[in-house]
Amino acid sequence: MSRGSEAAVIRIKPHHYIHVLDNNSNVTRVEVGPQTFTRKDHETVVSGPDAMIMIPPRHYAIISNPVIKGEGGVVQKETSGQIKLRHGDEEIRFQQDPFPLYPGEKLYGKVSPLQVVAPN
């Protein structure tokens, strides 16, 4: 009964990520590549490996339920370690370095080019 999500060792490529559920604390975290991730007995890989979201110049993406970021762009966490989200909200992100979707975030639609309005 060997499935991909139950493999003990997962090789995460560059610009890829996985979501790992810690069954002891019931908290899902993100592991970003490149790395060789060794799953512990009390952990379950719930998603991935997935490619990071890449937004090229003059493009945008809409993220549903975005994470709450504090000073310096640091993702805020609850005392349990769970990522804080702005449920029911959407965030438009423009060109930036590749980024993973945190647990609960969703890409609404796809990465789209900006529409340029011609001058009159």
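The side chain of asparagine 65 comes to 3.5 Å from the backbone oxygen of glycine 104, in a predicted model. Such a polar contact is a pair of N or O atoms within 3.5 Å; within protein, one atom must be able to donate a hydrogen and the other to accept it, and residues adjacent in sequence count only if both atoms are side-chain atoms. Asparagine 65 is placed in the loop between β6 and β7. Strands (E, at least two residues) and helices (H or I, at least four residues) are DSSP runs, numbered from the N terminus. At 18% relative accessibility, asparagine 65 counts as buried; buried means under 20% relative accessible area, exposed over 50%, and partly exposed in between (1.4 Å probe, protein chains only). If neighbours within four places in sequence are set aside, asparagine 65 is in contact with Leu85, Arg86, His87, Gly88, Asp89, Gly104 and Glu105, where contact means heavy atoms within 4.5 Å.

Residues are numbered from 1 along each chain as its sequence is written, and side-chain values use heavy atoms, with hydrogens and water left out. Because the model is predicted, local features need pLDDT of at least 70 and side-chain atom pairs count only at pLDDT 80 or more, whereas totals for chains, interfaces and linings use all residues.

Serine 64 belongs to strand β6 and is buried, with a relative accessible area of 14%. Apart from neighbours within four places in sequence, the contacts of serine 64 are Asp89, Glu90, Gly104, Glu105, Lys106 and Tyr108.

Lysine 77 is found in the loop between β6 and β7. Its relative accessible area of 52% makes lysine 77 exposed. With neighbours within four places in sequence left aside, lysine 77 touches Gln82, Ile83 and Lys84. Between lysine 77 and valine 67 the C-alpha to C-alpha distance is 9.3 Å, and the two are ten residues apart in sequence.

**Salt bridges**

The structure holds six salt bridges. A salt bridge is a side-chain nitrogen of Lys or Arg within 4 Å of a carboxyl oxygen of Asp or Glu. The table presents three of them.

| Pair | Closest N and O atoms |
|---|---|
| Glutamate 31 and arginine 29 | 2.8 Å |
| Arginine 29 and glutamate 43 | 2.9 Å |
| Arginine 93 and glutamate 105 | 3.0 Å |

Arginine 29 lies in strand β3 (residues 27-32) and glutamate 43 in strand β5 (residues 43-51), so this pair ties together parts that are 14 residues apart in sequence. Arginine 29 is partly exposed at 26% relative accessibility. Glutamate 31 counts as buried at 16%, and glutamate 43 counts as buried at 3%.

Arginine 93 forms a salt bridge with glutamate 105, and this pair links distant parts of the chain: arginine 93 is in strand β7, while glutamate 105 is in the loop between β7 and β8 (106-113), twelve residues away. Arginine 93 is buried at 6% relative accessibility, and glutamate 105 is buried with a relative accessible area of 7%. A network of salt bridges connects Arg86, Asp89, Glu91, Arg93 and Glu105.

**Nonpolar cores and a surface patch**

A nonpolar core is a set of buried Ala, Val, Leu, Ile, Met, Phe, Trp, Tyr and Cys residues joined through side-chain atoms within 4.5 Å. The largest core has nine residues: Tyr17, Val30, Met52, Ile53, Ile55, Ala61, Ile63, Phe99 and Leu101. Strand β6 (residues 53-64) contributes the most to this core, with four residues. A second, separate core has six residues, among them Ile10, Ile18, Val20 and Val45. Neighbours within four places in sequence aside, valine 30 is in contact with Tyr17, Ile18, His19, Pro100, Leu101, Tyr102 and Pro103.

On the surface, Ile92, Phe94 and Leu114 form a nonpolar patch with about 280 Å² of accessible area together. Patches are made of residues with over 30% relative accessible area and no salt bridge; like charges are joined within 9 Å, and nonpolar side chains (Val, Leu, Ile, Met, Phe, Trp, Tyr) within 5 Å. Accessible areas come from the Shrake-Rupley method with a 1.4 Å probe, and for residues only the protein chains shown count as cover. Isoleucine 92 is located in strand β7 (residues 90-99).

**The protein as a whole**

The protein has zero helices and eight strands. The C-alpha trace spans about 65 × 30 × 25 Å along its principal axes. Of the 120 residues, 31% count as buried. Among contacts between residues at least 6 apart in sequence, 60% join residues at least 24 apart. The accessible surface comes to about 8,100 Å², of which 51% belongs to carbon and sulfur atoms.
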